[in-house]
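User: I'd like to go through this model with you, one question at a time. Could you start with the ligand and then move on to the side chains?

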Amino acid sequence: MNEVLEVIKRRRSIRKYLPDQIKDEELSAILEAAIFAPSGHNEQPWHFLVIQDKELIDRMSEKAKEAMTRSDIDWIVKIGQNARRHIFHNAPTVIVVSGRKGSYSALVDCSAATQNMLLAAESLGIGSCWIGLANFFFQQEEEAKRLSIPEGYEPFYAVTLGYKDPSYQPIAPERKRDVFAYIR
Ligand SMILES: Cc1cc2nc3c(=O)[nH]c(=O)nc-3n(C[C@H](O)[C@H](O)[C@H](O)COP(=O)(O)O)c2cc1C
């Protein structure tokens, strides 16, 4: 298998990190990978906010969890109530991915950029996780203002980055195999 295919298969969602910050060169390489994603009509309608302020990351987790306890969905309420759960898995770096409102395919383009970051991180031996639950923070307008996301952009997802804690050995969830069809 070539290196790209190996990285794709090896990448896992990492939910336990060492506290050490990743190097700026590593961060730059991951951000560079993000902006080389494809985008509809080549609009590149994305914005990446890098947060390395632990106090802010912890606050975002707490505020997201508070909002989750008000959800109608049982498993979300349970996560919100779990005192040990950190929405960003205590990662030292969190990247908020936002898309330009009104652009042709912002959510899809931002998702492609997000996946590029996850794969770039894995290729550098850095752990990452796509964080949809960050939405519970973004939905709180007053809180989200603290992030100063540029006017006209809306936050979709967050990505955690950090060195993997070796005590955490994630197992790849079983993949559904009956999802292919061929017309030949
Ligand atoms: C849109 C999206 C949102 C996700 N949100 C979260 C999240 O909030 N927290 C988390 O720990 N993992 C999250 N994940 C990671 C998935 O749980 C994970 O990709 C899936 O279980 C497969 O595991 P793998 O990434 O190790 O292959 C998210 C993934 C995607 C694509």
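User: Which residue has a backbone N or O atom 3.1 Å from a nitrogen atom of the ligand?

Analyst: First, a word on the ground rules: this is a predicted model, where local features need pLDDT of at least 70, side-chain atom pairs count only at pLDDT 80 or more, and totals for chains, interfaces and linings use all residues. Numbering runs from 1 along each chain as its sequence is written, and side-chain values use heavy atoms, with hydrogens and water left out. Polar contacts here are pairs of N or O atoms within 3.5 Å; inside the protein, one must be able to donate a hydrogen and the other to accept it, and residues adjacent in sequence count only if both atoms are side-chain atoms. The 3.1 Å pair you ask about involves the backbone of Trp130.

User: How much of the ligand's 630 Å² does the protein bury?

Analyst: That area is what the ligand exposes when taken alone, using the Shrake-Rupley method with a 1.4 Å probe (for residues, only the protein chains shown count as cover). The buried share is 68%.

User: Which polar backbone atom is 2.8 Å from a nitrogen of the ligand, and which side chain has an N or O atom 2.9 Å from a ligand oxygen?

Analyst: The backbone one belongs to Gly132, which is also among the residues that come nearest to the ligand, along with Arg12, Ser13, Arg15 and His89. Being near means having a heavy atom within 4 Å, and 14 residues are around the ligand. The side chain at 2.9 Å from a ligand oxygen is that of Arg11.

User: Which strand gives the most residues to the shell around the ligand?

Analyst: Helices (H or I, at least four residues) and strands (E, at least two) are DSSP runs, numbered from the N terminus. With three residues in the shell, the top contributor is the run at 126-131, strand S3.

User: What about Asp58 and Lys54: which helix holds them?

Analyst: Their side chains form a salt bridge at 3.0 Å, N to O. Asp58 is partly exposed at 26%, whereas Lys54 is exposed at 54%. They are four residues apart, about one helical turn, in helix H3.

User: Is Thr93 buried or exposed?

Analyst: Thr93 lies in strand S2, and its side chain has a 2.8 Å polar contact with that of Gln52. Beyond its neighbours within four places in sequence, its contacts (heavy atoms within 4.5 Å) include Ile22, Leu27, Val50 and Leu161. At 0% relative accessibility, Thr93 is buried.

Terms used:
Salt bridge = Lys/Arg side-chain N within 4 Å of Asp/Glu carboxyl O. Buried < 20%, exposed > 50% of the residue type's maximum accessible area, 1.4 Å probe, protein only.
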